Amino acid sequence: MIAIFFGNFVSVLSTTTINIAVPLLMNHFHSNLNTMQWMVTGFMLATGVTAPLAGYLGGRFSYKRLYLFALMGFTMFSLLCAIAWNPTSLIVFRMLQGSCSGLIMACTMTIIFQVIPAERRPFAVSLWSLSAMVAPAIGPTFSGWLLQYASWHWLFLINIPIGIIAIILTVTLIPYYRMNVPKSFDIPGFLTVVLGSLSLLTAFSQGNSWGWSSWKTLSLILVGIVLLVFFVLHELKAEVPLLNLRVFRNRRFTAMLSIYSLVTIAMYAGTYLTPLFLQTVEGATTLKTGLILLPSSILLALLSPIVGKMYPKFGPVKLISAGILFIFIGLFMMSRLHTNVSYSFIMWAMVVRNLGIGLANVPSSTASMEEIPVEWSGHATSINNWVRNVLSSLGIAVFTSILSTRSLLHSKELISSGAGNADSIRLLSFTMGVNDVFVVGSIIVLFGLPLMFLLRKKRSVISVQNAG
């Protein structure tokens, strides 16, 4: 767990530290939001695209060796990100870094469910989640301090010593083992899932600038859907599938993955837009932004082990339902922003939101895997990471498109009404666009509540064990 903690920590740290730097990097590279958004969405897409590979590669080479390889790649690409010379090089290196991050997250979760006894897994998962929560807890404040007194290059250079420590711990502490070595690699499945995911993300990311009814946008959406449908049909028939999609026959796994995905999408509305609002509208420094987000991040980190201990007593239904309600309240509070909003209001809204995320994350991760056989856990965690990360990428792309579209619409309305000068209209329209995105995020997370009815019975109607 120590080796897993450090590896997962450095992987998530790179995601959380960069969000706060988006406005600064836009100025440094003389780029716009649509371009720099790819630094975030490209990372998440690469994370999701490589996740399906973890099931095959882990079985073929062992999860310890795959985890070690991913840590080495992540550390190397962190160095390359630090020496990036233009937006394109930074985006490319970030995507390569994200490809390693996807393998890290899939490997660490799989190792937990294959090595640690069932009765200790909820607490082990809480420690895994803690590693993912400590990074957001210190990430924004730490990156704000770095950006204030050093340079953006250190956001990536800081990963190198942590990555080296994780590599040494992995070699020393994680046992070598292999289960169900696959006979062959599913090339058609890999190509269709990668190209399908890329097509959809590109369409959603560029839809606002190309036009949602343009032939490029519609054709990419169509191609993406067709390829993913072909991927699903192929995987169900393949003798050695890239991803064993039969795990979806387990109702508990499917429901929990759906809930976890909805929570993740809604979570990125706050993670991505709050630093952007604070720096763009409120004029907060990167350090100030980090300090505003610090209390909510610390709460998220502290909740993980606590919720892990609460899980056996309360179960997933009560904890996740409460979590969804708190996330909704927090996001709805964030939809009431205005140009002179107090920092304390934003801080408390993020505290409420993160309270909900803390209550929902560990139970949804644990409950999704409770009925999955050990030998299928690699495929289940790969599917979990692929779906969650691709949807997160699409969520960020859609949120950015909604922000741009709604801000432009509000700007036109304010200009026609003569609401003020150009600067005040720009800030006000941007704020109103951010509020619209938070409303959408709060509605999305509520769709998780009806899915809770699928968890009333612990065992699904069709068990995975009998799915073959």
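**Figure 1. Overall fold of the predicted model.** The protein has 16 helices and zero strands, where helices (H or I, at least four residues) and strands (E, at least two) are DSSP runs numbered from the N terminus. Its radius of gyration is 21 Å, close to the 23 Å that the globule rule gives for 468 residues, so the protein is as compact as a globular protein of that length. The radius is taken over C-alpha atoms, and the globule rule is 2.2 Å times the number of residues to the power 0.38. The C-alpha trace spans about 65 × 45 × 45 Å along the principal axes of the protein. Of the 468 residues, 60% are buried; buried means under 20% relative accessible area, exposed over 50%, and partly exposed in between, with a 1.4 Å probe and protein chains only. This is a predicted model in which local features need pLDDT of at least 70 and side-chain atom pairs count only at pLDDT 80 or more, while totals for chains, interfaces and linings use all residues. Residues are numbered from 1 along each chain as its sequence is written, and side-chain values use heavy atoms, with hydrogens and water left out.

Figure 2. A search of the whole structure finds two cavities of 30 Å³ or more. A cavity is a set of points, on a 1 Å grid over the protein atoms alone, where a 1.4 Å probe fits but cannot get out; lining residues have an atom within 4 Å of a point. The second largest cavity has a volume of about 80 Å³, a volume being the space filled by probe spheres set on the points, with grid points joined across faces, edges and corners. Its lining consists of Met109, Trp128, Tyr260, Ser365, Ser368, Met369, Thr381, Asn384, Asn385 and Arg388. Helices α13 (343-369) and α14 (377-417) each supply at least two residues of this lining, and the largest share, four residues, comes from α14. By class, the lining residues divide into four nonpolar, five polar and one charged. Here Ala, Val, Leu, Ile, Met, Phe, Trp, Tyr, Cys and Pro count as nonpolar, Asp, Glu, Lys and Arg as charged, and the others, Gly among them, as polar.

Figure 3. Helix α13 has 27 residues and reaches 39 Å from its first C-alpha to its last, close to the 39 Å expected at 1.5 Å a residue. The expected span is 1.5 Å times one less than the number of residues in the helix. The helix is mostly covered, with 21 of its 27 residues buried. Ser365 has its place in α13 and counts as buried at 4% relative accessibility. The C-alpha atoms of Ser365 and Gly196 are separated by 26 Å, the two residues being 169 residues apart along the chain.

Figure 4. Seven aromatic pairs are found in a search of the whole structure. Rings of Phe, Tyr and Trp (its six-membered ring) pair if their centres lie within 6.5 Å; planes under 30 degrees apart count as stacked, over 60 as edge-to-face and the rest as tilted. Trp152 and Phe156 form an edge-to-face pair, with 6.3 Å centre to centre and 85° between the planes. Trp152 is buried at 4% relative accessibility, and Phe156 is buried at 1%. Phe328 and Phe332 form a stacked pair, with 6.1 Å centre to centre and 20° between the planes. Because Phe328 and Phe332 are four residues apart in helix α12 (residues 286-334), they are separated by about one helical turn. Phe328 is partly exposed at 26% relative accessibility, as is Phe332 with a relative accessible area of 39%. Phe5, Phe6 and Phe9 form one aromatic cluster.

**Figure 5. Ser62 in the loop between α3 and α4.** Ser62 lies in the loop between α3 (33-61) and α4 (63-82). Phi of Ser62 is near 90°, a positive value in a residue other than glycine. Most residues other than glycine have a negative phi. At 0% relative accessibility, Ser62 is buried.

Figure 6. Ser11 lies in helix α1 (residues 2-19) and is buried at 1% relative accessibility. Ser11 and Leu71 are 60 residues apart along the chain, and their C-alpha atoms are separated by 8.6 Å. Pro122 is found in helix α6 (residues 121-149) and is buried, with a relative accessible area of 13%. Pro122 and Pro87 are 35 residues apart in sequence and 41 Å apart in space, C-alpha to C-alpha.

How values were computed
1 Å grid on protein atoms, 1.4 Å probe; cavity = no way out; pocket = protein on both sides within 12 Å on 5 of 7 lines; lining within 4 Å.
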